[in-house]
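Please read these points with the model open beside you. They go through it place by place.

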Amino acid sequence: MIVAIVYLVLIVVSILLTVQSAHVLYLMLYTWDRADAERKARAPDEFLPPQISFSVLLPARHEEDVIQSTIERVVRANYPAELLEVFVICSQDDDGTIKKAEEKIDDLKRKGLRNVRVVVFDDKPINKPHGLNTALPHTANQVVTIFDAEDDIHPEIFSLVNTVMVQEKVKVVQAGVQLMNYESNWYSTLNVLEYFFWFKSRLHYHAHYGSIPLGGNTVFFARELLLRLGGWDDRNLTEDADMGLRISAMGERVRVVYDDRYVTKEETPPTLGHFIRQRTRWSQGFMQTLKKGTWKKMPTRKQRWLAFYVLAFPRGQALLGIYLPISLGMILILKVPVLIALCSYLPVLLLAAHFLVQAVGLYEFTSAHGLEASPKALVRMAIAWFPFQMVLAYAALRAMRREMLGRHDWEKTQHVGAHRATTEEAESRVG
């Protein structure tokens, strides 16, 4: 009887994981599989003259090493300075970042640029969404956008969004974000490719069906829409995903643009500890948003199911982390009928398919950005594949534990500017 139950559990879990993995694979290839989806994802071929004014929010905490370069890139964008205002947002106790930002602002003023200021808040919670809510009342322009403190934005990003919003009459635009430093450490290649497939393909599927968890930056909102929504949920650890689903529930269309030429460039977390804490925060934020129940307010069953599927995904990762070692152990020590053994191998085959797709993605990513995918990078990616899945599963389990304990403090991810070295390398090759 016990053996029969074990066999049944093995079959059911194997089938569920196989179906889930196949669906994720489908989402990863969505824009490649449909010419119309790929065409809609691209940026306009020509940009309209500037019409829209932008308020740029730069939330920063202990970002002394990168904040000045980011401010410089934003104010030097190829867009009229009178149509841009920039707010660097800091907690009162972050003296280092405030000092660096004010130094840069003084330097810009000497050069005739007076459209940057620092907004300081002295209350809690000390996190990104609370900072955004603090700065929102200070904004005056038509569209509010968010960049992270380490972001390298493209000089034409405002022209791109101006064109899309004017031509298509949309109030929300999610533009592409891409991690760049794919050779920094053992997990960075896989982390880079996650972003590549998420922004280049998967988000377009979510936008098409009107159930989209937005990214945390390079997202543009009509200011009046943000005011109608009451700003961000400052208790949510993934305020971006929560905001996207709230917008979807309103029936508001989100336009996703991913063009390799215009992505915002970022870096992978510099250490494994920082990576785990970042993924824990994301997983726990999805759990918070699932519990919050905004997804239940969406008008169609398809939208509700898609939102539920995304928000429940971290629990699936936790299950995968528990299942994979048990499955491997059962292969070695448990003799099962051939049919059951074959069934248990199905998730492994799908994982192999995922790896092959990502291997091809590595070459496409590097080609698009003037980099080279060395055989060494591919071998390291293969070696890191299984440990990377286990790290993601561990972060999901850690998130479940924090959620059960009621811990919702914001775990900071360090930024060191590693993506800028990769970008400089690509530019030197082109030059």
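1. Lysine 169 is exposed, because its relative accessibility of 69% is above the 50% cut-off for that word. The residue sits in the loop that joins α7 (157-168) to β5 (172-175). Its phi is positive, about 55°, although lysine 169 is not a glycine. The model is a predicted one, so this angle is a computed value.

2. Most residues other than glycine have a negative phi, and most peptide bonds are trans.

3. Is threonine 218 buried or exposed? Threonine 218 has a relative accessible area of 0%, and anything under 20% counts as buried, so this residue is buried. Its place is the loop between α8 (188-208) and β7 (219-222).

4. Where the chain passes from lysine 124 to proline 125, the peptide bond is cis, and omega is near 5°. Proline 125 belongs to the loop between β3 (116-121) and α6 (128-135).

5. Tyrosine 30 is part of helix α2, which covers residues 30-33. With a relative accessible area of 6%, tyrosine 30 is buried. Which residues does tyrosine 30 touch, if those up to four places away in sequence are not counted? They are Ala37, Ser201, His204, Tyr205 and His208. Leucine 214 is 184 residues from tyrosine 30 along the chain, and the two C-alpha atoms are separated by 17 Å.

6. Methionine 1 lies in the segment before α1 (2-28). It counts as exposed, because its relative accessibility is 80%. Together with Ile5 and Val9, Met1 forms a nonpolar patch on the surface, and the three have about 350 Å² of accessible area together.

7. An unreviewed UniProt entry gives the feature "transmembrane region" for residues 305-326, 338-357 and 377-397. This label comes from the record, and such annotations may be inferred rather than shown by experiment. What do the coordinates give for residues 305-326? That span is 100% helix and 0% strand, and its end C-alpha atoms are 29 Å apart. For residues 338-357 the chain is 100% helix and 0% strand, with 29 Å between the end C-alpha atoms.

Key
Residues numbered from 1 in each chain as written. Predicted model: local features only at pLDDT ≥ 70, side-chain atom pairs only at ≥ 80, totals over all residues. Heavy atoms only, no water. Helix = DSSP H or I, 4+ residues; strand = E, 2+ residues; numbered from the N terminus. Patch = residues over 30% accessible without salt bridge, like charges linked within 9 Å, V, L, I, M, F, W, Y side chains within 5 Å. Areas by Shrake-Rupley, 256 points an atom, 1.4 Å probe, with all protein chains shown as cover. Salt bridge = Lys/Arg side-chain N within 4 Å of Asp/Glu carboxyl O. Buried < 20%, exposed > 50% of the residue type's maximum accessible area, 1.4 Å probe, protein only. Contact = heavy atoms within 4.5 Å.
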